[in-house]
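Open the model in your viewer and keep the selection tool at hand. We will go stop by stop, and each stop starts with something to select.

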Amino acid sequence: MIRTHSRSLIALSVGLALAAPLALLAGSGDIALASGPTQDQSTTARMVHGLLSDSRYAYRPRALDDALSREVLTEYLKTLDPGKVFLTAQDVAGFGKYATALDDAIKSGKVEPAWAIFALYRQRVEQRIGYARGLLKGEFDFTKDERYPYDREDAPWADAAGLDTLWRQSVKNDWLRLKLAGKQPDEIRKTLDKRYANLLTSVQQLKGDEVFQSFMNAYAGSIDPHTDYMTPRSAENFNVSMSNSLEGIGAVLFRQDDVVVVREMVAGGPAARSGKLKPGDRIVGVGQGTSGEMKDVIGWRIDDVVSQIRGAADTQVRLEVVPAEAPLDSKPQLVQLTRAKVRLEDQRAKAETIVVPGAGGAAARRIGVVKLPGFYQDFEARRRNDANYASATRDVAKMLADFRAQKVDGVVLDLRGNGGGSLNEAVELTGLFIDKGPVVQVRESGGKVSVQYDQDAGVAWEGPLAVLVNRGSASASEIVAGAIKDYGRGLVIGETTFGKGTVQTMVDLDRWPANEKPRFGEVKLTVAQFFRPDGSSTQNKGVAPDVAFPASVDASEFGESTYPNALPWTRIAAAPHVRYGNFAPLLEQLGARHQARSAKDTEYQWWAEDVRKFREEQAKKSISLNEAERRAERDKFDAQRKQRAQMRVALGIEQDPLLESRADDGLTADERNVADSVAREAAAKKATDPLLRESAAILADAIGLLGKDAKLAAQVLPATRNAAGHWAD
């Protein structure tokens with residue numbers, strides 16, 4: 001297994017580089033970009049048009065006309081230059097000649113305008129990066145009262161002079177961050193020059209399939225926010241993420257400068273079992289089998305290196321590796337590995353147990369926690385009747401069986417940040433907590449409504465249940481949370497969810513010509529809208545919690561409602577279903593206890609304070625370039641960190657494992673020491689999670705209140721009356 005680790009540049013560093021996400025898809029190496037589309041790409045454009053605008057497949061098809069053409073142009077420019085820091089207002093005005101021509105270009109397959117626009121974009125990137133590198137030869141005055149407006153999303157396109165100012169401010173900000181981190185001028189110049197050079201190389205080495213994919217996604221995204229076109233390679237990677245497994249060596253790779261570096265290894269994979277690779281090792285050569293040609297891959301794009309290392313199980317691959325501690329020009333070591341099927345462990349469900357202390361002499365309660373980052377399923381393995389196919393539901397079922405054996409008092413299903421996945425898994429996983437019944441209703445483009453049921457009698461966990469969600473919980477997560485709420489099966493705790501209430505399917509464009517090898521790619525197409533058992537949609541509104549935590553992100557900035565072309569909220573008729581309980585009579589007491597407890601929970605209050613400050617800073621959309629002001633801000637932050645550390649000692653709270661690494665070092669992710677970064681991430685996983693702990697306490701409160709108040713229990717759980725802690729028959 002090989003996974004690429006994407007580069008990300010933090011908000012206060014090179015807001016300009018953040019504005020080039022397309023560029024960051026590429027690695028390095030000098031590859032000439034074709035001047036226009038291939039014949040296959042022309043054919044693909046016509047096929048995608050047929051799917052999205054001229055067929056019955058799309059849930060909400062839109063005619064590809066001049067009006068949509070204008071939107072496609074806007075979206076394409078946003079993809080290339082979302083921060084509006086490369087293209088000038090004059091450039092954008094010049095692209096106006098394409099405003100009503102892109103519809104005809106896509107219909108005919110003559111999508112050369114995408115290349116023409118990209119060519120000027122790349123030229124402007126070269127000019128801007130050259131300007132930025134030139135600024136490094138001079139000095140900056142950090143005594144001025146100046147602010148850098150790094151958030152350019154809603155700003156107008158600027159002229160060349162305006163971009164000069166923006167880039168000077170951006171470079172000045174990058175310099176100041178490194179200066180505040182203790183770096184000297186020569187080291188700062190070297191770091192930033194390499195950073196900008198790498199960004200330029202990334203843009204220069206974009207391939208035609210990436211240009212084409214971005215352009216076609218400007219069209220797809222103009223129709224629906226969750227419809228996407230994927231090249232054959234992108235489709236392969238998407239299917240890997242959905243199946244939660246692939247065949248390879250079991251290493252997570254990323255690119256650092258011109259070399260592909262091992263970031264971490266998957267437990268149990270060939271790389272980990274060999275004991276011959278570690279974080280920070282550089283892969284400089286790849287050979288197939290035991291005697292295939294060893295290819296020098298220094299300077300290669302990371303996806304090209306990945307394609308060489310990935311391969312069928314039980315086949316061999318040879319790697320030339322320079323150890324992390326050795327100079328890059330050292331003689332590489334030869335590592336031969338046998339590929340195998342590897343599960344992506346970081347995306348699998350995980351379990352833990354939280355002990356909630358009893359109040360007033362009451363016994364402590366043990367709450368089992370299932371953390372589920374995605375609804376994965378290996379569709380191909382399931383079709384082959386592979387007994388060990390990857391499945392979120394199967395993994396969670398095993399954890400629930402363990403919880404039953406341990407006799408835990410309740411279970412929290414943690415779906416925070418879970419963006420969805422397999423609809424089938426969402427239905428089957430919900431069935432672990434309810435007896436037979438409808439889980440989700442699906443309305444197709446023609447208006448036909450079908451109901452997907454849990455068909456299996458009985459439940460895997462009949463006891464107290466809570467579902468923990470946040471704004472990042474979307475799609476399949478909302479199906480589960482919505483069904484649990486409609487059935488009165490458990491409490492929903494956290495934030496209002498994302499609000500994605502549509503269903504997508506993968507359409508293989510190669511199935512019509514029946515190609516032996518992928519040529520045209522795939523389309524992730526919105527084909528239906530889903531509704532909760534009670535008939536309401538999660539679209540736009542999401543699923544509201546029974547017990548709410550402070551919102552970590554503003555709904556106006558993140559979520560389905562932020563897409564201008566998102567479907568509106570609506571409802572259909574309810575599907576008859578059992579109602580296990582009604583938690584409304586319990587919520588006031590739970591809310592009061594939550595408020596009282598969280599007010600005394602130091603770490604919870606720290607989290608709430610940090611969220612509040614973060615949102616205040618984000619709202620400013622700019623940052624000071626005055627050194628004295630920034631030092632004062634840094635010193636205030638450092639003082640807060642030290643004060644919290646002292647309070648932890650005084651209160652007997654475990655120290656923050658990331659205490660020393662929370663200060664800004666001025667570097668981007670791919671500039672840091674790999675082993676240190678991996679160690680920090682491992683430490684972060686051990687950090688206290690006050691929201692999860694509070695969720696367990698809320699569930700424990702519910703168990704206690706229902707257990708000692710028969711009248712309340714009869715109101716909340718009329719079907720079971722909380723018999724022996726059972727919330728479902």
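**Stop 1: a proline in a loop**

Select Pro-657, which sits in the loop between α19 and α20 (674-686). This is a predicted model. Is Pro-657 buried or exposed, or partly exposed? Pro-657 is partly exposed, because its relative accessible area is 41%, and the buried class ends under 20%.

Pro-657 and Ala-683 are 26 residues apart along the chain, yet their C-alpha atoms are separated by 5.6 Å. Which residues does Pro-657 touch, leaving aside its neighbours within four places in sequence? The contacts are Ala-683 and Ala-687.

**Stop 2: helix α18**

Select residues 602-620. This is helix α18, with 19 residues. From first C-alpha to last, α18 reaches 27 Å, close to the 27 Å expected at 1.5 Å a residue.

Look at the start of α18. A side-chain oxygen of Asp-601 comes to within 3.1 Å of the backbone nitrogen of Glu-603. Then go to the other end: just after α18, Lys-621 has a positive phi of about 60°.

Next, colour the buried residues of α18: Glu-603, Tyr-604, Trp-606, Trp-607, Ala-608 and Val-611. What covers them? The cover includes α17 (584-600), α19 (627-651) and α21 (690-708).

**Stop 3: the largest nonpolar core**

Select Leu-52, Tyr-76, Phe-215, Met-216 and Tyr-219. These have the most contacts inside the largest nonpolar core, which has 64 residues. Several elements each supply at least two residues of this core, among them α2 (39-52), α3 (66-80), α9 (208-223) and β20 (522-531). Which helix gives the largest share of this core? That is α6, with 10 residues.

Zoom in on Met-216. Beyond its neighbours within four places in sequence, Met-216 is in contact with Ala-45, Val-48, Ile-106 and Tyr-229.

**Stop 4: an open sheet**

Six of them form an open sheet, in the order β12-β13-β14-β17-β18-β21, with mixed pairing. Which strands are at the edges? The edge strands are β12 (350-356) and β21, and each pairs on one side only.

Move to β13 (residues 365-371) and β14 (residues 410-414). These two strands run parallel, and five bridges join them.

**Stop 5: two loop residues with positive phi**

Select Ser-475. Ser-475 lies in the loop between β17 (465-469) and α16 (476-486). Its phi is positive, about 55°, although Ser-475 is not a glycine. Ser-475 counts as buried because its relative accessible area is 10%, and buried means under 20%.

Now select Asn-540, in the loop between β20 and β21 (547-548). Asn-540 is a residue other than glycine, and its phi is positive too, near 70°.

**Last stop: confidence**

Colour the chain by pLDDT. The average is 89, and 94% of the residues score at least 70. Where does pLDDT stay under 50? Select residues 1-31 to see that stretch. For these residues the model has 121 contacts beyond four places in sequence.

Conventions: Residues numbered from 1 in each chain as written. Predicted model: local features only at pLDDT ≥ 70, side-chain atom pairs only at ≥ 80, totals over all residues. Heavy atoms only, no water. Helix = DSSP H or I, 4+ residues; strand = E, 2+ residues; numbered from the N terminus. Expected span 1.5 Å × (residues − 1). Buried < 20%, exposed > 50% of the residue type's maximum accessible area, 1.4 Å probe, protein only. Contact = heavy atoms within 4.5 Å. Polar contact = N/O pair within 3.5 Å; in protein donor to acceptor, adjacent residues only side chain to side chain. Core = buried A, V, L, I, M, F, W, Y, C linked by side-chain atoms within 4.5 Å. pLDDT = per-residue confidence, 0-100. Pairing = 2+ DSSP bridges.
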